[in-house]
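Here is a friendly tour for anyone opening this structure for the first time. Have a look at the sequence and the model, then read on.

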Amino acid sequence: MSGTVGPSGPVAGVAWSQKHLLDVDVLSAADIGLVMKTTDAMKEILARPITKVPVLRGRNVTIIFYEASTRTRVSFEVAAKNLSADVVNIAASASSVTKGESLVDTIRTIEALGAHMIVMRHGTSGAPYLAAEVFSGSVLNGGDGWHAHPSQALLDLYTMRAHLGDLRGRKVVILGDVLHSRVARSNLWTLTAMGADLWICGPAPILRGFDAWAARWANGRGPAGHGGFTVTSDMDAALNGAEVVMALRLQRERMDAGLLPSLREYAARFGLTRERLAAARPDALVMHPGPMNEGVEIAPDVAVFDRSVITEQVTNGVAVRMALLYLLSGVHAGGFPEGAIGG
Amino acid sequence: MDARQIMTADEIRRAIVRVSHEIVERQAGTEGLVLIGIQRRGVPLATRLAAATEAHEGVALPVGALDITFYRDDLSLVAQQPIVKGTAIPVDLNGRTVILVDDVLYTGRTIRAAMDALVDFGRPQAIRLAVLIDRGHRELPIRADHVGKNVPTSRDELVRVHLVETDGEDAVWIERREGAA
């Protein structure tokens, strides 16, 4: 039979205080630790013969995605169902949104239909913040524009910690189209909060903004508790001695902007191949948030390599989202007095 | 606040040894027994019951931990989700006799939640309940099979079980709830 208390260890005296999860930039290291600890408990549930607990019975979780997605949407749905929530799925492409309904009206309608929590993906950065202003329950950002993808960053972090333990000083490389990547931006916040030695690597034109960001945070001038990070287009320097290499999807739809010459040139210069990976540590983890363009940002043999934890990321994604739904479902005013209800 | 000690370390030790004998006597041996402690103080108590049983029977019973947070009936009443402490069930429960272990039996709601959680792991042959303190005031039709000490209390009182593993001392205290007349 299954069951461990997990690798994250105890988190003493920490209470969750976020009503929404719109970005990871507001999470303290203690908040992140609590998510990791709660995820351990959810992993234990996923290993049981019956992977369902009644904790969100009677809660309505409405999932509305304005952008295409398989893994994030299904992952949130499975997570909510494992906690016994009622799940309503709305594909924006098949809803009144196509008739011109505004985001605010859609959110009000969802609330009137009984939603307690909304999981939302939107192509416009910041859209979930607007939803959070009009919705009385909790909003979970399932990805907004180029801005943030908090549940992805937290599942990436969980996966890294499961293999490496404490990330302080460990070299993590995020490789690829960082400019258009909400995954990269959210990972940047969580990984610097955990003290990782973070490297951002990609073609010079798509590092725009990241170098200025890195300069702003250099020498301990970043937000409290966040370390600095390194930005480079020298892939060999980035991969040298790396313990984690995360390749990002090259967003072909963004190629029109003329930032990159061609897919073939990108693959030749920045594709993650076995040869390039040889510069990293022999036990380095290979990660990818999916969906992959095999043969572009990641070689097919690297994607299924024994050091690849890409499918593990997907499994951990369900547990992390269960933890987030659980933690967010309880936040009202006040706090929970330890042991007040017993017997 | 006037706290009054109702069990000393020695009394706790003797109660655990006695209950460990009762458990074995009731089962007519140790065959099929598994001890599952309810987080948080049920877990060290279950470990101590296993040690006591091993001392007189020479058999090390499996010990597990059960977190009942996800099965509580009061989650809609609490302001913030409690921190989950973790579940670890070391053996297949099908056909086993599960001894649920907790520190205090009061309303019975924790035990109701624990039984709901246990049946998600399989179908035990029997579930029995061992508690260090039974303080009465049940709200559900639940009783303990093995009790360390029965303590008549009023609802205005708090029973605090302290264990070395969690609190640095072995003692049971009773005190008036703050704000009670």
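Let's start with one pair of residues: A:His122 sits opposite A:Asp144, which belongs to strand S4 of chain A. Keep in mind as you look around that this is a predicted model. The strand that holds A:His122 is S3 of chain A, and both of its faces are covered. On one side you'll find A:Met117, A:Val119 and A:Arg121, on the other A:Ile118, A:Met120 and A:His122, and all of these are buried.

What does S3(A) pair with? Five bridges tie S3(A) to S4(A), and these two strands run parallel. Strand S1 of chain A, residues 60-65, is also joined to S3(A) by five bridges, again in parallel. One of the pairings to look for is A:Phe65, whose bridge partner in S3(A) is A:Arg121.

## Two domains in chain A

Now zoom out. Chain A splits into domain 1, made of 29-148 + 314-329, and domain 2, covering 150-309. Their C-alpha centres are 26 Å apart. Where they meet, 19 residues of domain 1 are in contact with 17 residues of domain 2.

Which elements of domain 1 give two or more residues to the side that touches domain 2? They are helix H1 (29-46), strand S4 (138-144) and helix H12 (310-329) of chain A. By class, that side of domain 1 has eight nonpolar, eight polar and three charged residues.

If you want to find the contact by residue, look in H5(A) for A:Ser151, A:Leu154, A:Leu155, A:Asp156, A:Tyr158 and A:Thr159. Across from them in H12(A) are A:Glu312, A:Gln313, A:Asn316, A:Gly317, A:Val320, A:Arg321 and A:Leu324. Sorted by class, this helix contact has five nonpolar, five polar and three charged residues.

## Cis peptide bonds

There are a couple of backbone details to pick out too. In chain A, a cis peptide bond links A:Gly290 and A:Pro291, with omega at about -10°. A:Pro291 is in the loop that runs between strand S9 (285-287) and helix H11 (300-303) of chain A.

Chain B has a cis peptide bond as well, between B:Gln39 and B:Arg40, where omega is about 15°. Look for B:Arg40 in the loop between strand S2 (33-38) and helix H2 (42-57) of chain B.

## Positive phi in two loops

Which phi value does A:Ser84 have? It is near 70°, a positive value in a residue other than glycine. A:Ser84 is in the loop between helix H2 (71-82) and strand S2 (86-91) of chain A. A:Ser84 counts as partly exposed because 15 other C-beta atoms lie within 10 Å.

A:Asn219, also not a glycine, has a positive phi near 55°. You'll see A:Asn219 in the loop between helix H7 (210-217) and strand S7 (229-232) of chain A. Why is A:Asn219 counted as exposed? Because A:Asn219 has 7 C-beta neighbours inside 10 Å, and 12 or fewer makes a residue exposed.

Technical notes: Residues are numbered from 1 along each chain as its sequence is written. Chains are lettered from A and ligands numbered from 1 in the order in which they are written. This is a predicted model: local features need pLDDT of at least 70, side-chain atom pairs count only at pLDDT 80 or more; totals for chains, interfaces and linings use all residues. Domain bounds come from an automatic or database domain assignment. Two residues are in contact if their C-beta atoms, placed from the backbone, lie within 7 Å. Helices (H or I, at least four residues) and strands (E, at least two) are DSSP runs, numbered from the N terminus. Ala, Val, Leu, Ile, Met, Phe, Trp, Tyr, Cys and Pro count as nonpolar, Asp, Glu, Lys and Arg as charged, and the others, Gly among them, as polar. A residue is buried if 20 or more other C-beta atoms lie within 10 Å of its own, exposed if 12 or fewer, and partly exposed in between; C-beta atoms are placed from the backbone. Two strands pair if DSSP finds at least two bridges between them.
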